[in-house]
Amino acid sequence: MSSPAGMPRRSWRPSTAVRSAIAGERIELATLLRRRVIFVVGKGGTGRSTMTAALALLAARAGKRVLAIDVDAKGDLAAALGSPPAGFAPHVVQHNLSVLELRTDESFQEYLNIYFKVPRLTRLTPLARVFDFIATGVPGPRDMLVVGKIAYEERRKEPDSRAPVWDLILVDCAAGGQAESHLAAPKAMLTLVRGGLIRAQVEWIDALIRDSRRTTTVLCALPEEMPVVEAIELNERLRNGSGVAVDVCLLNRAADEPVTTAHRRLMVAMTDPEHADAVAQRLGGSAAPLEAGIDLQAHLNDTTARYMRQLRGKLPMPVVPVPFIVDRTGLTTTRAVADALSSRLS
Amino acid sequence: MSGDETARVPERRRSVRKEPGGLGRRLGSLEVVICCGSGGVGKTTVSAALGMAIAAAEDKRVLVLTVDPARRLATALGIKGIGAEPVRIPKARLRRAGITITGDLEAAMLDMKQAWDRMIERYSPDRATAQRILRNPLYQRITDSFVGSHEYAAIEALYELHDAGEYDCIVVDTPPSRNALDFLEAPSRLTDYVGSRLLSLLSGGPSRFGFRAMNYAAAPFVRLADRLLGAEVLAEVSDFVQQLQLLYDGIQGRARSVYRLLRSPQTGFVVVTTVEQGPFGEAEFFCTKLREFKMPLRAMVVNRVLPDVFRDPGGVAAATTLVEDPKVAAWLSKELRLRVSADTARFVGSTFLTRSTLAQREVRQLARLGRIGDVPIVRIPLFSEEVSELEGLVRIAKAL
């Protein structure tokens, strides 16, 4: 979908979030990539990993030192960057781009190690299990491990220059609801933990998440009923729950190659009994089945347009269509998506 | 999408002109049908359509128990809203939409909060314990965040409904999970959770003096936890846990009965998936797990399969020529006496080729399904209409 007709192009600024409520307004890629932390969220199957990887490629191309974090740790993000499964330590994928995968158990040990200088010991396992139990019931600890690690990476400095190690951290969040509890964890934890060493840590992590200049969210959706409804609800809950900013919604697998009367006319003429045989001879097969392709394309265009309208009506942010890439997931697909994003995020 | 546009696609119609009775009849003798699969594969829709197909094939009282988070199912079924109380779907409306049901079709929506509250009330040894748990601020958190808590609520509701015996057949739409296994593991996980020794550790065991009276060996851990989290948190958790432990016997007993029901010959699992890699892989995994759990897989429904027309070899050849042959546009212009630009010809070819590439991939993937065992595999073609319309639901019910 090209830029909506008659809509003046305006550059988007974070401080005027309300103004961006105007449908179809654009967000500049440079503005987006100027953040320190970008959480990529959305329902399963909406292409979160591919979008995270594509944004990471674009940021690295722009000369930023990028860390891409996979919270789900199913290896999808690494695969989308053409790398074998990564571990808990940042693993260099290409110049300026590293990836790491979070797993709760390791995160917990690392967390204790980083913040409280508790050695990584196996004899802590019973404690880890007690925590695991509390973490299941009490909001916070488990989710805090995730945001805690991210916040830690954000704060990391080069030992010599004291410059930040990463310019941008991109987080491929776990599916919908989980991402929400990760992001809301600090706030929830602050109401619960009134003392203890953790509180101070939680306070600055909470501040980082709420600072819209440093931290934002990218919402992924598909032109299908449930993913659209959930994207709208997720946006609301993220804003209310964690106070995190949501900058842009990427509508993946958007169909936007319009079927015109010229296409239809060709189709009708090719299948006309008068020409059908000659056409089949010349093309090497009957043209009749091709109509299904045109019909499906027209249907997908309609569906995409309808869901674009719905999203634009309900989301106070630009909604950017990302075309369907037929390739299997992998670096090739990611590159294609990155190219599409860079042309569409003006 | 308008009606006449569909009429131009006879291929899509043909595949659904089957009369109801296939899967509806096969599953109609069961008392419980559980639809499982990853989120986003159309589980809710398929469950509703299955209920419809069963009620059409058999003179039975059928209940569809759904989670329908978008509440569109209610609209599609032509009723104002679905609540915890079952609502009957008017036969006349179904007939107008193209399906005649011999039985009775009702729908109810699962109320998670209510299911949990009732469970606490049922398993508590006395009212005071129940009240204390329900009032605990951690309770809501636990029921929300405990892995499999929604699944457990669904199973509980199913068990109760089945036990009451008001319906011949209950079709359950399982909650969208991160992991389809959550549903199968929920009862045992809850039992483990409530009965775990760690819980006793935290709650200070039967002495009921709170965590300060905790096991001596655990003391260093508790001190550390205390330092990290602050004392109040542990005190609150400990109190909650003590109460929860009183429910253990009840929950354990129920878990056993639930597993008996899930494994019984009156129960059948239907795995719903799409051909996309993620959900498909998970569905395959789930099928093997069902076998491990000794739970009966009765059918697999593959949703949104591209219609066969996209695998037509003649079509592929024609589309390839349109895309690759630089002289084809000129030839077409002359033959058809119509100005055909190269772009137009290429577009008509490429829209078909794109889908046909996907369709080939789908075939390879569907071929893998032979390995899951001897169960019917039903393909539902990708329809060009929205299934939130009743007619769409009916079309799927017929395809089943």
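Student: What is the bridge partner of A:Phe39 in S6(A)?

Tutor: In this predicted model, A:Phe39 has A:Thr217 as its bridge partner in S6(A).

Student: What makes S1 and S6 of chain A a pair, and how do they run?

Tutor: Pairing takes at least two bridges between two strands. Six bridges join S1 (residues 37-42) to S6 (residues 215-221) in chain A, so they count as paired. The two strands run parallel.

Student: Where do S1 and S6 sit in the open sheet of chain A?

Tutor: The order is S3-S4-S2-S5-S1-S6-S7-S8, eight strands with mixed pairing. Neighbouring strands are turned by 25° against each other on average, ignoring direction.

Student: Why are S3 and S8 of chain A called edge strands?

Tutor: Because S3 (91-94) and S8 (319-323) of chain A each pair on one side only.

Student: Which helices of chain A go with this sheet?

Tutor: Helix H9 (residues 225-241) of chain A lies across S1, S6 and S7, at about 165° to S6(A). Helix H13 (residues 331-344) of chain A touches S7 and S8, and its direction makes about 145° with that of S8(A).

Student: Over to chain B. How do you know whether B:Leu390 is buried or exposed?

Tutor: Buried means under 20% relative accessible area. B:Leu390 is at 2%, so it counts as buried.

Student: Which residues does B:Leu390 touch, leaving out those up to four places away in sequence?

Tutor: B:Leu390, which belongs to helix H20 (residues 390-399) of chain B, touches B:Met52, B:Ala76, B:Leu77, B:Arg93, B:Leu94 and B:Ala97. Also, B:Leu390 and B:Arg96 are 294 residues apart in sequence but 9.6 Å apart in space, C-alpha to C-alpha.

Definitions and conventions. Residues are numbered from 1 along each chain as its sequence is written. Chains are lettered from A and ligands numbered from 1 in the order in which they are written. This is a predicted model: local features need pLDDT of at least 70, side-chain atom pairs count only at pLDDT 80 or more; totals for chains, interfaces and linings use all residues. Side-chain values use heavy atoms; hydrogens and water are left out. Helices (H or I, at least four residues) and strands (E, at least two) are DSSP runs, numbered from the N terminus. Axes are lines fitted to C-alpha atoms, for helices over the stretch in contact, and angles run from 0 to 180 degrees between N-to-C directions. Contact means heavy atoms within 4.5 Å. Buried means under 20% relative accessible area, exposed over 50%, partly exposed in between (1.4 Å probe, protein chains only).
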